[in-house]
Amino acid sequence: MKYLNKKLSIDKVNLLKIAKKYGTPTYCYSYSRLKENILNFKKNFKSISPLICFAVKSNTNVHLINEISKFGFGADVVSVGEMMMALKAGISPKKIVFSGVGKTTNEISYAIDKKILLINAESKSEVVEINRVARQKNKIVKIGLRLNPNTDAKTLSQISTGKKENKFGVNEKTFYEIINYCKNSQNINLNCLSVHIGSQILDHKPYEKMLKVVDNILKKTSHEFEYIDLGGGMGISYTNENKKLNYKKYNLAIKKFLKNKQCKIIFEPGRSIIGNSGTLLTKVIYIKDSESKKFIILDAAMNDLMRPALYGAIHTTLPVIKSRKVSKKTYEFVGPICESTDKFVIIKNFQELQEKDYIAICDVGAYGMSLSSNYNLRTKPLEILIKKNKIKIIRKRQKHKDLI
Ligand code: LLP
């Protein structure tokens, strides 16, 4: 995304035109950015030839998943809904892994019927249930077992998953118990050890620690795993201060880990693939002056983009038309929802804004639309994909008649 003639543009398509033609709030995705992320990811991990399963929870748009699938990606899903969407998008069941701490019997049954690659179980009870359902169907099912490596991912506490106080995976002791249980169960094959320590990880060291923990466990058991699923979590740069994860160092650590092992690596990246390809286009409804600042009241709200309200996330926020005049007052960008947490960002020295101006909230491709809701009975935004000069509607704006 850059300014061409002072107009913010995605691949030469100017966002002002889009806002005027399609209305706001609108999620706009850049195909070229998505492709760049995919190729970059593949290039950096080429030497270990992993199976890369896109974390569908980060973005559930069927058209985007379909574009991603064309690069050979599989999918990481966490519900039967996501599994259906991945299949509809053309992802082969042979490349689908199913994660999550609370899969229901129906979900397990659906996954078995669809013959997906792996069901990654997260508790003894779940393993027992998978075995029971598989026996009923007279099938042998490949499963993974998620280890809780008790590793601090050094990310926000709300998106940390790999410490012992987190609900995810099983501890080392239970891990061995389940290996033994699986040995004596006829209908399951324990093929994979999986881990995922958190999201938006910017430092490769927690990954190194995690690999050490996994390595030690593998040394202590004679069980052979066909796959090691390392999850996702690769962090991206949201603001100038955020550096991004060093893939090269992570890849090197994995290469070391794989020495004398015959396993195939699985990754489940979401944010690193789709995060910076999405922009939320929104319009200034009103500007309200207060003593110390001005409230810029947007037509996008926390229901459209939940990350700031939920995690205190900061997204780069830009004017769609650039001007030189700087506002004397600090701006607080807020939505119209009746919650004090319905605010996006506070910015000093932003350019002078007028009512009806357009604003772009950047890097919202991951956990933007997928976390949106109908709170305050607001309809969900339109999604469009910009591919070269072409604009494609990839999800229609919800209508009130869909809701009422
Ligand atoms: N695999 C598993 C088992 C996961 O739980 C997640 C994310 C991923 C893969 C993908 O992680 P990624 O590569 O996207 O970091 N809503 C939060 C993020 C929650 C992540 C949940 N799990 C946010 O907006 O930052």
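The legends below describe close-up views of a predicted model.

**View 1**
D299 sits in the loop between β14 (293-298) and α11 (307-311). The residue is buried, yet has no salt bridge. R378 is the nearest side chain of opposite charge, 6.4 Å away. The side chain of D299 does make a polar contact of 2.5 Å with that of T24. Leaving aside residues up to four places away in sequence, D299 touches T24, P25, T282, K283, I285, D304 and R378.

**View 1. The salt bridge between R378 and D304.**
R378 pairs with D304, the closest N and O atoms being 2.9 Å apart. The pair links distant parts of the chain, 74 residues apart. R378 belongs to the loop between β18 and β19 (382-387), D304 to the loop between β14 and α11. R378 is buried at 18% relative accessible area. D304 is buried too, at 0%. Both residues also touch D299.

The whole structure holds 17 salt bridges. In one of them, E67 and K70 bring their closest N and O atoms to 3.3 Å. E67 is buried at 6% relative accessibility, whereas K70 is exposed at 56%. A network of salt bridges links E67, K70 and K387. E165 forms a salt bridge with K163, with 3.8 Å between the closest N and O atoms. Here E165 is exposed, at 59% relative accessible area. K163 is partly exposed, at 25%.

**View 2. Helix α4 and its buried side.**
Helix α4 spans residues 80-88, and E82, M83 and A86 are buried in it. These residues lie on the same side of α4, because they cover an arc of only 105 degrees around the axis. The buried residues pack against β6 (74-77), β7 (96-98) and α5 (105-113). Just after the helix, G90 takes a positive phi of about 100 degrees.

**View 3. Helix α5 and its cover.**
The buried residues in α5 are E107, I108, S109, A111 and I112. Their cover includes the helices α4 and α6 (124-137). Strands β7, β8 (118-121) and β9 (141-146) also contribute to this cover. K115 follows α5 and has a positive phi, near 55 degrees.

**View 6**
A search of the whole structure finds 13 aromatic pairs. F175 and F225 form a tilted pair, with 6.1 Å centre to centre and 40 degrees between the planes. F175 lies in helix α7 (residues 172-183), and F225 in the loop between α8 (205-220) and β11 (227-229), so the pair ties together parts that are 50 residues apart in sequence. F175 is buried at 0% relative accessibility. F225 is buried at 7%.

Y331 and F350 make another tilted pair, with ring centres 6.0 Å apart and planes at 50 degrees. Y331 is in strand β16 (residues 330-334), while F350 is in the loop between β17 (343-347) and β18 (358-362). This pair therefore ties together parts 19 residues apart in sequence. Y331 is buried at 0% relative accessible area, and F350 is buried at 6%. Elsewhere, F41, F45, Y207, Y247, Y250 and F267 form one aromatic cluster.

Terms used: Residues are numbered from 1 along each chain as its sequence is written. This is a predicted model: local features need pLDDT of at least 70, side-chain atom pairs count only at pLDDT 80 or more; totals for chains, interfaces and linings use all residues. Side-chain values use heavy atoms; hydrogens and water are left out. Helices (H or I, at least four residues) and strands (E, at least two) are DSSP runs, numbered from the N terminus. Buried means under 20% relative accessible area, exposed over 50%, partly exposed in between (1.4 Å probe, protein chains only). Lys and Arg count as positive and Asp and Glu as negative; His and the chain ends are not counted. A salt bridge is a side-chain nitrogen of Lys or Arg within 4 Å of a carboxyl oxygen of Asp or Glu. A polar contact is a pair of N or O atoms within 3.5 Å; within protein, one must be able to donate a hydrogen and the other to accept it, and residues adjacent in sequence count only if both atoms are side-chain atoms. Contact means heavy atoms within 4.5 Å. The arc is that of the directions from the helix axis to the C-beta atoms. Rings of Phe, Tyr and Trp (its six-membered ring) pair if their centres lie within 6.5 Å; planes under 30 degrees apart count as stacked, over 60 as edge-to-face and the rest as tilted.
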